[in-house]
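Visitor: I would like to go through this model and ask what stands behind the terms used for it. Please set each value against its cut-off.

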Amino acid sequence: MKLVVMGPHQAGKSTLIHRLDPWAVKMDYSKGTFSTTVGFDYGIVLWDATENRIYRKNQIDLVDPSNEIWKVTITGTPGQVSFAPVRKVLAKGKDGVILVIDSARPVQMVYALSQYREARDAAGPVPLIIFANKQDLPQAKSAETIASLLGIRSNVVPISALKGTNVEESFLQFLKEVRRSILARSISERLVERKEPRWISWVRRKLTSSV
Ligand SMILES: Nc1nc2c(ncn2[C@@H]2O[C@H](COP(=O)(O)OP(=O)(O)O)[C@@H](O)[C@H]2O)c(=O)[nH]1
Ligand SMILES: [Mg+2]
């Protein structure tokens, strides 16, 4: 399962990825206040879909191999406006998109909105979730306000990547949605591969399921 994390510069993408995978690779240039992600963050976790829990690198021995286990890769993207072509490449072919927004800086919303469109175009019809980050700050706008600023109705979840509030729960919820979408896609791809009319597949399914 391949996920991509998008969002404006300083929204909290690196913090989120490191919260999910403390061993994530981070490529930041840092000198005083002049700090930025120049490349991208990259993390890996294992998801036990049977028990719905996440395992980090140091917990691999605890994984029960008889359960349904997914390797989940999380690729961050550089958030600056000028990096749009890089984001496009990184978002291509991913199974799900996480958009991180700084809820305390609604002026960023215009960048968030353009990245939302970018993500939609680049990733295609895969699940997308919006994390309304930095909810620990008193000036943070609510998830509902963020949703209405973006002009969308659902899938905006309040989190604090810094404190870890609501991160793992929302992430697990999203993994379930991505899993459903991957399975649905692989079924329809198989139908296409067989190159037979859909009604024949339908009859075949009916016949085999009644045995
Ligand atoms: N208060 C608060 N600060 C956060 C949160 N998440 C990230 N930050 C801070 O916001 C700044 C930018 O975070 P970073 O993860 O580097 O953003 P990125 O540019 O999107 O990768 C850093 O100083 C973080 O410590 C959060 O949930 N709450
Ligand atoms: Mg970063």
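Guide: Of the 211 residues of the protein, 33% count as buried. The model is predicted.

Visitor: What makes a residue count as buried?

Guide: The test is 20 or more other C-beta atoms within 10 Å of the residue's own. In the protein, 33% of the 211 residues pass as buried.

Visitor: Why is arginine 153 called exposed?

Guide: Arginine 153 has 8 C-beta neighbours inside 10 Å. Exposed is the word for 12 or fewer, so with 8 arginine 153 counts as exposed. Arginine 153 sits in the loop between α4 (143–150) and β9 (156–158). Its C-alpha atom is separated by 32 Å from that of tyrosine 55, and the two residues are 98 apart along the chain.

Visitor: How do you know that α1 is mostly covered?

Guide: Six of the eight residues of α1 are buried. They are Lys13, Ser14, Leu16, Ile17, Arg19 and Leu20. Helix α1 (residues 13–20) also gives three residues to the shell around ligand 1, the largest share.

Visitor: Which residues come nearest to ligand 1?

Guide: Gly12, Lys13, Ser14, Thr15 and Leu162 come nearest, out of 17 residues around ligand 1. By class, ten residues of the shell are polar, four are nonpolar and three are charged.

Visitor: Why is α2 called oblique to α3?

Guide: The axes of helix α2 (residues 84–91) and helix α3 (residues 109–123) cross at roughly 40° and come within 8 Å. That angle makes α2 oblique to α3, because roughly parallel is kept for angles under 35 degrees and roughly perpendicular for 65 to 115. The crossing of α2 and α3 is right-handed.

Visitor: Which residues of α2 and α3 meet?

Guide: From α2 come Ala84, Arg87, Lys88 and Ala91, and they meet Glu118, Ala119, Ala122 and Ala123 of α3. By class, this contact of α2 with α3 has five nonpolar, three charged and no polar residues. Ala counts as nonpolar, while Glu, Lys and Arg count as charged.

Visitor: What are the overall figures for the protein, in elements and in span?

Guide: The protein has six helices and nine strands. Its C-alpha trace spans about 65 × 40 × 30 Å along the principal axes. Among contacts between residues at least 6 apart in sequence, 69% join residues at least 24 apart.

Definitions and conventions:
Residues are numbered from 1 along each chain as its sequence is written. Chains are lettered from A and ligands numbered from 1 in the order in which they are written. This is a predicted model: local features need pLDDT of at least 70, side-chain atom pairs count only at pLDDT 80 or more; totals for chains, interfaces and linings use all residues. Axes are lines fitted to C-alpha atoms, for helices over the stretch in contact, and angles run from 0 to 180 degrees between N-to-C directions. Helices (H or I, at least four residues) and strands (E, at least two) are DSSP runs, numbered from the N terminus. Angles under 35 degrees count as roughly parallel, over 145 as roughly antiparallel, 65 to 115 as roughly perpendicular and the rest as oblique. A crossing is left-handed if the near helix is turned anticlockwise from the far one by less than a right angle, and right-handed if clockwise. Two residues are in contact if their C-beta atoms, placed from the backbone, lie within 7 Å. A residue is near a molecule or strand if its C-beta atom, placed from the backbone, lies within 6 Å of it.
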